[in-house]
Amino acid sequence: MECCRRATPGAPLLFLAFLLLSSRTARSEEDRDGLWDAWGPWSECSRTCGGGASYSLRRCLSSKSCEGRNIRYRTCSNVDCPPEAGDFRAQQCSAHNDVKHHGQFYEWLPVSNDPDNPCSLKCQAKGTALVVELAPKVLDGTRCYTESLDMCISGLCQVSAGFFSCCFSRGFYLCSPPV
């Protein structure tokens, strides 16, 4: 979105005011064409720290197809995690430690920076060369690459536009990486 840019220091308050004023009854210009229902409430953030994602859905009211997106995303929980929290991808790999793989338990370590599919959950069995894709996609908010703020949303690497990256368009704020 061309209107999007880094928000000014007062933007979080403006953003909070927007969230308090928005509801399913508040309809944007984009909704008023009669084909879309109003945007629903924002979901819980996918993470409590370290940057996550929240989404909002809307429903097509037409028997024909509607033009536009039925889901939008925004970044959330953009505070640093405490050091003891560990790496988010590593947490997802270790969740499989108590699940047998080919009849054996492994301690799984994250495989990061996969250029072909940075949003799949690939893990390596500790002390072996065994690398396995344990899930086709990581949880929303997982960094695509270790040295980047870009994050995986619904299995796709999305360019991070920064914290509170919102733009006002057609009567409402869009707060999301391009989807």
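Me: What is the relative accessibility of S77?

Reply: This is a predicted model, in which local features need pLDDT of at least 70 and side-chain atom pairs count only at pLDDT 80 or more, while totals for chains, interfaces and linings use all residues. Residues are numbered from 1 along each chain as its sequence is written, and side-chain values use heavy atoms, with hydrogens and water left out. Buried means under 20% relative accessible area, exposed over 50%, and partly exposed in between (1.4 Å probe, protein chains only). S77 counts as partly exposed because its relative accessibility is 23%.

Me: Where is S77 found?

Reply: Helices (H or I, at least four residues) and strands (E, at least two) are DSSP runs, numbered from the N terminus. S77 has a positive phi, near 50 degrees, although this residue is other than glycine. Its place is the loop between β2 and α2 (88–94).

Me: What is the phi of N113, a residue that is not a glycine?

Reply: Most residues other than glycine have a negative phi. N113 lies in the loop between β3 and β4 and is partly exposed at 35% relative accessibility. Its phi is positive, at about 65 degrees.

Me: In what order do the strands of the open sheet of three strands stand?

Reply: Two strands pair if DSSP finds at least two bridges between them. The pairing in this open sheet is antiparallel, and the strand order is β3-β4-β5.

Me: What is the average twist from one strand to the next in the open sheet of three strands?

Reply: The open sheet has three strands with antiparallel pairing. From one strand to the next, the twist averages 45 degrees; axes are lines fitted to C-alpha atoms, for helices over the stretch in contact, and angles run from 0 to 180 degrees between N-to-C directions.

Me: Which residue in β5 stands opposite C123?

Reply: Strand β4 (residues 121–125) and strand β5 (residues 131–135) run antiparallel and are joined by four bridges. Q124 has V131 as its bridge partner in β5. Opposite C123 stands V132.

Me: Which residue in the turn between β4 and β5 has a positive phi of about 80 degrees?

Reply: The hairpin formed by β4 and β5 has five residues between the strands. The residue in the turn with that phi is G127.

Me: What is the angle between the planes of Y106 and W108?

Reply: Rings of Phe, Tyr and Trp (its six-membered ring) pair if their centres lie within 6.5 Å; planes under 30 degrees apart count as stacked, over 60 as edge-to-face and the rest as tilted. Y106 is buried at 17% relative accessibility, and W108 is buried at 3%. One aromatic pair is present in the structure. Y106 and W108 form this tilted pair, 5.2 Å centre to centre, and the angle between the planes is 55 degrees.

Me: Over the ring of which residue does the charged end of R58 sit?

Reply: A charge sits over a ring if NZ of Lys or CZ of Arg is within 6 Å of the ring centre and within 35 degrees of the ring normal. The charged end of R47 is placed over the ring of F88, 3.9 Å from its centre. For R58, the charged end is 3.8 Å from the centre of the ring of W36.

Me: How many residues apart in sequence are the parts tied together by C45 and C76?

Reply: A disulfide is a pair of cysteine sulfur atoms within 2.5 Å, and the count by this rule is six. C76 is buried at 13% relative accessibility. The sulfur atoms of C45 and C76 are 2.0 Å apart, which makes a disulfide. C45 lies in the loop between α1 (11–21) and β1 (52–57) and C76 in strand β2 (residues 71–76), so the distance in sequence is 31 residues.

Me: Is the disulfide of C119 and C152 left-handed or right-handed?

Reply: C119 is buried at 1% relative accessible area, and C152 is buried at 0%. Their disulfide has an S to S distance of 2.1 Å. Because the torsion about the S-S bond is about -90 degrees, the disulfide is left-handed.
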